Amino acid sequence: MSEVNSSERVGGWTRLVTARPRLTLLAALVITALAVFAGGGVADRMGSGGWEAPDAESTYTTQVLEREFPASQPNLLLLLDSGDTSVDDPAVAAEAARLTDRLSAEPGITGVGSYWRTKSPALRSSDGHEAIVAARIEGDEKAAGETLDRIAPLYRGAHGPVQVSVGGPVAVRHEMQNIIQEDLLRAELIALPVTLVLLVMVFGSAVAALLPLGVGIVAILGTNAVLRGITEFTDVSVFAQNLTTALGLGLAIDYALFLVRRFREELSAGADPRVAIGTTLRTAGRTVLFSALTVAVSLAAMMVFPQYFLRSFAYAGIAVVLLAAAAALILLPAALMLLGPRVNALDLRRLLRRRRGKPVSAPEGSGGPGSGWARFSVLVMRRAPVFAVVTTVGLVLLGLPFLGVKFGTADDRQLPAAAESRVVQEHLRDGFPGSPGGGIEVLAEGAVSPGRYTGFKERIEALPGVLRVDGPVVGDGFAYYDVLPEGEAVGQGAQDLVRELRAVPAPFDTTVTGTAAVLVDSKDAIADRLPWAVGIIVVVTLLLVFLLTGSVLIPLQAVVLNALSLTAMFGAVVWVFQDGHLSGILSFTSTGDIETTLPVLMFCVAFGLSMDYGVFLLSRIKEEYDRTGDHEHAVTFGLRHTGGLITAAAVILAVVMVAIGTSRVTNTKMLGLGIALAVLMDAMVVRSLLVPAVMKLTGRLTWWAPTPLRAFHRRFGLSEGESAPAPERHTGERSEPAGREQERDSVTAGA
């Protein structure tokens with residue numbers, strides 16, 4: 001190849017990222033080191049809540065009650081167990097009074113009360129051997145956690161005739177946060193070595209296998225630094241770190257697999273490294289850019305929701321996707337420029353072949369003319385109606401359990417059964433009348449006569465589903481009632497009671513809070529914003545896929561098929577985590593419902609990842625269709641050249657998500673295992689079966705677009721490939737000699 005031709009094939013971006021590769025990598029190393037420093041301790045600044053809507057009535061009411069009546073909102077509970085002795089025994093009562101007085105004197109503690117002070121039956125167990133000391137820790141989640149760390153060791157354990165356990169909402173959140181951090185470290189220790197082994201199996205070369213891991217580590221460390229900065233301005237959920245690890249590794253591996261494979265193809269075709277990088281960036285690089293945009297948009301849609309739990313995943317997801325794409329498009333080309341043909345060094349599979357006495361040959365999986373993927377795609381398209389109908393029906397059936405979904409709120413049962421704060425809550429649920437902390441609080445604003453307070457209480461007591469009403473507790477211009485519902489604290493009956501309480505006429509302003517009220521408001525907030533989130537994802541996906549393909553039909557197919565790929569995930573979530581199947585094997589406790597925000601989160605993440613693989617496949621099909629104008633050949637070519645790649649990437653990402661799914665916290669387990677299933681179903685069923693079958697059925701109409709949109713695409717579209725679309729030809733025609741195509745088809749990339 002001449003110098004002129006080489007220069008023509010190397011674009012400005014290629015020259016920029018390959019001009020000084022050592023300097024580029026050195027700068028990246030310095031920036032990564034700074035990110036490690038900047039992101040240090042980010043988990044300690046994160047919260048473990050965020051399920052409630054900040055602008056909801058229940059949130060406002062809780063804030064007023066915390067300010068005006070601290071004792072009404074205890075978040076710290078000391079469970080005192082007197083063994084075989086009654087809690088009314090004088091010695092037990094004396095020790096309980098001493099502990100209560102001591103707790104009242106602790107800095108940062110307010111609203112201290114106990115059974116021995118109030119004689120409230122709700123604070124004494126039914127068997128008379130346990131009772132509660134309740135208090136409120138002041139401050140935000142971080143301050144409350146620090147206070148808990150300071151005082152919990154002082155009260156936990158034996159104190160004379162009583163044994164003390166520490167619980168309450170603060171303890172549950174704090175223990176959950178600590179467990180998530182421990183589990184995340186374990187997941188990383190599991191995922192990294194397994195991922196490296198799989199990458200070596202995919203690439204053959206140990207050198208090539210290390211490149212995706214490097215990109216992933218840069219993305220993860222950079223995102224931690226970004227999240228650390230965001231915590232200075234708003235709340236961020238600790239759960240978002242799990243997404244950072246999963247997407248950081250998963251997408252970095254996807255992008256690096258695609259780029260390194262194309263680079264190795266070009267090297268095998270005889271290109272020098274710089275030209276190979278230029279071709280890679282013009283083709284696979286554009287695909288990576290489109291993929292990153294589609295995934296980022298899917299995750300950004302969670303910004304429309306008010307709960308900071310969901311918004312946190314948008315922060316983390318957007319950052320990690322953009323950083324993974326930037327590292328893949330800047331650092332990876334620099335590394336490839338330095339390595340050149342040495343990217344194939346340390347081919348472990350070749351060493352194994354030599355040891356076994358087999359001839360050294362190119363690795364399989366490159367998508368040659370006789371490859372399994374080529375034969376498989378031909379089979380699918382030959383029986384396209386059968387594969388399309390059977391696969392669609394099967395996916396719909398797998399999703400049917402989701403029709404019975406019940407939404408709830410996360411509680412202590414997210415934690416392992418042996419967790420101290422969960423044990424305390426279990427004792428309260430099972431052994432105390434009325435489940436302390438499970439009531440509905442009604443706040444009355446405005447100074448009125450005692451008779452009017454009493455009259456309002458009578459109206460509440462007359463409502464169906466009310467077990468007991470305590471109060472009113474009257475303050476300066478405020479009063480509140482504690483309403484105990486019949487049945488479960490967050491059951492459908494309690495949720496209906498919340499709505500009825502809000503409709504009761506009163507001579508003053510009333511607002512309602514409590515666990516059931518928070519759930520009602522959270523469900524309403526999600527239902528109100530969900531159409532906007534789905535609309536953003538669908539509209540932007542349609543636009544991006546149109547810009548990639550120039551087709552009107554392919555974007556519609558992409559949205560519908562992506563949605564179908566998620567049915568198995570949603571069906572499994574309900575069947576396993578709501579209904580409790582496999583709970584023993586997976587070590588979790590089913591609560592009979594699904595936390596309200598989890599399906600939204602899983603939809604946004606899984607839809608984005610599905611589009612990731614969809615873009616990989618469609619871009620290669622589009623490139624070949626532009627080159628030959630042969631629709632069926634382009635579909636076969638695309639599946640042959642990306643089928644193994646997509647499957648390998650999906651398996652690796654599934655491994656990462658399963659590692660996340662080993663968490664002892666149920667929601668994290670659900671997130672990891674659910675998305676792992678969605679990714680595998682998308683890669684192995686939708687991309688392998690449905691896409692080629694549907695594209696066969698739609699034929700050349702697949703590429704149709706009205707004249708104005710074709711003109712729009714010619715001006716603004718970005719397709720993978722270097723030449724203008726070839727004129728349509730009858731199936732079987734080719735635009736380049738068979739020898740050249742065989743040369744291209746025999747290129748190996750180890751995936």
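Predicted model: local features only at pLDDT ≥ 70, side-chain atom pairs only at ≥ 80, totals over all residues.
Pro472 sits in strand 8, which covers residues 466-474.

**Helices 11 and 12**
- Helix 11 (residues 273-300) and helix 12 (residues 308-339) have axes that come within 9 Å and cross at roughly 175°.
- On the helix 11 side, the contact is made by Arg274, Ile277, Leu281, Gly285, Val288, Ala292, Val295, Ala296, Leu299 and Ala300.
- Helix 12 answers with Ala314, Gly317, Ile318, Val321, Ala325, Leu329, Pro333, Leu336 and Met337.

**Ser421, tucked away**
- Ser421 belongs to helix 16, which takes in residues 420-431.
- With a relative accessible area of 1%, Ser421 is buried, since the cut-off for that label is under 20%.
- What does Ser421 touch, once its neighbours within four places in sequence are left aside? Its contacts are Val166, Gly167, Ala171, Val172, Glu175 and Leu415.

**A nonpolar surface patch**
- Val389, Val393, Val396, Leu397, Leu400 and Leu403 make up a nonpolar patch on the surface.
- Together, these patch residues have about 570 Å² of accessible area.
- One of them, Leu397, is part of helix 15 (residues 384-399).
- Leu397 counts as exposed, at 51% relative accessibility, because exposed means over 50%.

**Positive phi without glycine**
- Leu582 is not a glycine, yet it has a positive phi of about 70°.
- You'll find Leu582 in the loop between helix 21 (567-578) and helix 22 (583-586).
- Is Leu582 buried or partly exposed? Leu582 is partly exposed, with a relative accessible area of 41%.
- Ser587 also isn't a glycine and has a positive phi, this one of about 60°.
- Ser587 lies in the loop that runs between helix 22 and strand 11 (594-595).
- As for solvent accessibility, Ser587 is exposed, with a relative accessible area of 55%.

Definitions and conventions
Residues numbered from 1 in each chain as written. Heavy atoms only, no water. Helix = DSSP H or I, 4+ residues; strand = E, 2+ residues; numbered from the N terminus. Buried < 20%, exposed > 50% of the residue type's maximum accessible area, 1.4 Å probe, protein only. Contact = heavy atoms within 4.5 Å. Patch = residues over 30% accessible without salt bridge, like charges linked within 9 Å, V, L, I, M, F, W, Y side chains within 5 Å. Areas by Shrake-Rupley, 256 points an atom, 1.4 Å probe, with all protein chains shown as cover. Salt bridge = Lys/Arg side-chain N within 4 Å of Asp/Glu carboxyl O. Axes fitted to C-alpha atoms, helices over the stretch in contact; angles between N-to-C directions.
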